[in-house]
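The structure is shown first, and the notes follow by topic.

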Amino acid sequence: ENISFTEAVMRLGNRAGIDVAKMVETDEERAARERRELIYRVNKFAQRYYRQFLLGASQAQCGRDYLDKRGMSPESQEGFGLGFSPNGWDVFVSAALAKGISSKALLEAGLALKADSDGQLRDRFRNRVMFPIFDVYGNVIGFGGRNMDSSHPKYLNSSETPVFSKRMNLYGINLALSDIRNQGC
């Protein structure tokens, strides 16, 4: 099932009706796991939000045009889970807060920044085609965003989080894993 040993033990314990979390994890490990799981949930929400925005928002037309120009079929866009971030300071943040996602979770996931001027939360990604980055288990761990205007940087990645390290993750590994296993390389 492509899960870690600890996750396998916990899953089997749940099936057997045994709470193995206390036997397997220390309090610190449990807190770290819960923090990672929260970031996964926030990133999953973001990926779905950006995907829906790409598909339905008139503001995302420039993103759809860009992907068409680059030869990305709708099937490929769906397969990679591509999306689009709105061009506003807090459009995504407002939608996430309305769904009950905390400011702290948005900051920890690297999807929001605090403005220096007034301390308000701001969207990290604005007016960008969004490329979700998945781990080998299919969890959204971060994003890369390609700008659709003259702003800089041209490409912006998620900040380092407990689930995302740019140098430790490979874009598309979730899609290539079965072929890697089958070919043994």
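For the packing of helices, axes are lines fitted to C-alpha atoms over the stretch in contact, and angles run from 0 to 180 degrees between N-to-C directions. The model is a predicted one.

**Packing of helix 3 and helix 4**

- Helix 3 packs against helix 4 (residues 61–69) at an angle of about 85 degrees, and their axes are 7 Å apart.
- Angles of 65 to 115 degrees count as roughly perpendicular, and helix 3 and helix 4 are therefore roughly perpendicular to each other.
- On the side of helix 3, the contact is made by F53, L54, L55 and G56; on the side of helix 4, G63, R64 and L67 take part.
- Sorted by class, the residues in this contact of helix 3 with helix 4 are four nonpolar, two polar and one charged.

**Salt bridges**

- The structure holds five salt bridges, and those described here include R33 with E37, R35 with E108 and E78 with R51.
- Side chains of opposite charge can pair when their charged atoms come close.
- In the salt bridge between R33 and E37, the closest N and O atoms are 3.1 Å apart.
- R33 and E37 are four residues apart in helix 3, so about one helical turn separates them.
- R33 counts as buried at 15% relative accessibility, whereas E37 is partly exposed, with a relative accessible area of 31%.
- R35 and E108 meet through their side chains in a salt bridge of 3.0 Å, N to O.
- Because R35 lies in helix 3 and E108 in helix 7 (residues 103–108), this pair ties together parts that are 73 residues apart in sequence.
- R35 counts as partly exposed, at 39% relative accessibility.
- E78 and R51 form a salt bridge through their side chains, at 2.9 Å from N to O.
- This pair links distant parts of the chain, with E78 in helix 5 (residues 74–80) and R51 in helix 3, 27 residues apart.
- R51 counts as buried, at 8% relative accessibility.

- Which residues does R33 touch, not counting residues up to four places away in sequence? They are M10 and E25.
- R33 has a relative accessible area of 15%, under the 20% cut-off, so R33 is buried.
- N43 is also found in helix 3, and its relative accessible area is 0%, which means that N43 is buried.
- Leaving out residues up to four places away in sequence, N43 touches A109, L111, V140, I141, G142, F143 and V163.

**Helix 6 and its surroundings**

- Helix 6 covers residues 91–98, and its buried residues are F92, V93 and A96.
- Seen down the axis of helix 6, these buried residues fall within an arc of 100 degrees, so they line one face of the helix.
- The elements that cover the buried residues of helix 6 include helix 3, helix 7, strand 2 (112–114) and strand 3 (121–123).
- G100 follows helix 6 and has a positive phi, near 90 degrees.

**Recap**

- Helix 3 packs with helix 4 and is among the elements that cover the buried residues of helix 6.

Note on methods: Residues are numbered from 1 along each chain as its sequence is written. This is a predicted model: local features need pLDDT of at least 70, side-chain atom pairs count only at pLDDT 80 or more; totals for chains, interfaces and linings use all residues. Side-chain values use heavy atoms; hydrogens and water are left out. Buried means under 20% relative accessible area, exposed over 50%, partly exposed in between (1.4 Å probe, protein chains only). Contact means heavy atoms within 4.5 Å. Helices (H or I, at least four residues) and strands (E, at least two) are DSSP runs, numbered from the N terminus. A salt bridge is a side-chain nitrogen of Lys or Arg within 4 Å of a carboxyl oxygen of Asp or Glu. Angles under 35 degrees count as roughly parallel, over 145 as roughly antiparallel, 65 to 115 as roughly perpendicular and the rest as oblique. Ala, Val, Leu, Ile, Met, Phe, Trp, Tyr, Cys and Pro count as nonpolar, Asp, Glu, Lys and Arg as charged, and the others, Gly among them, as polar. The arc is that of the directions from the helix axis to the C-beta atoms.
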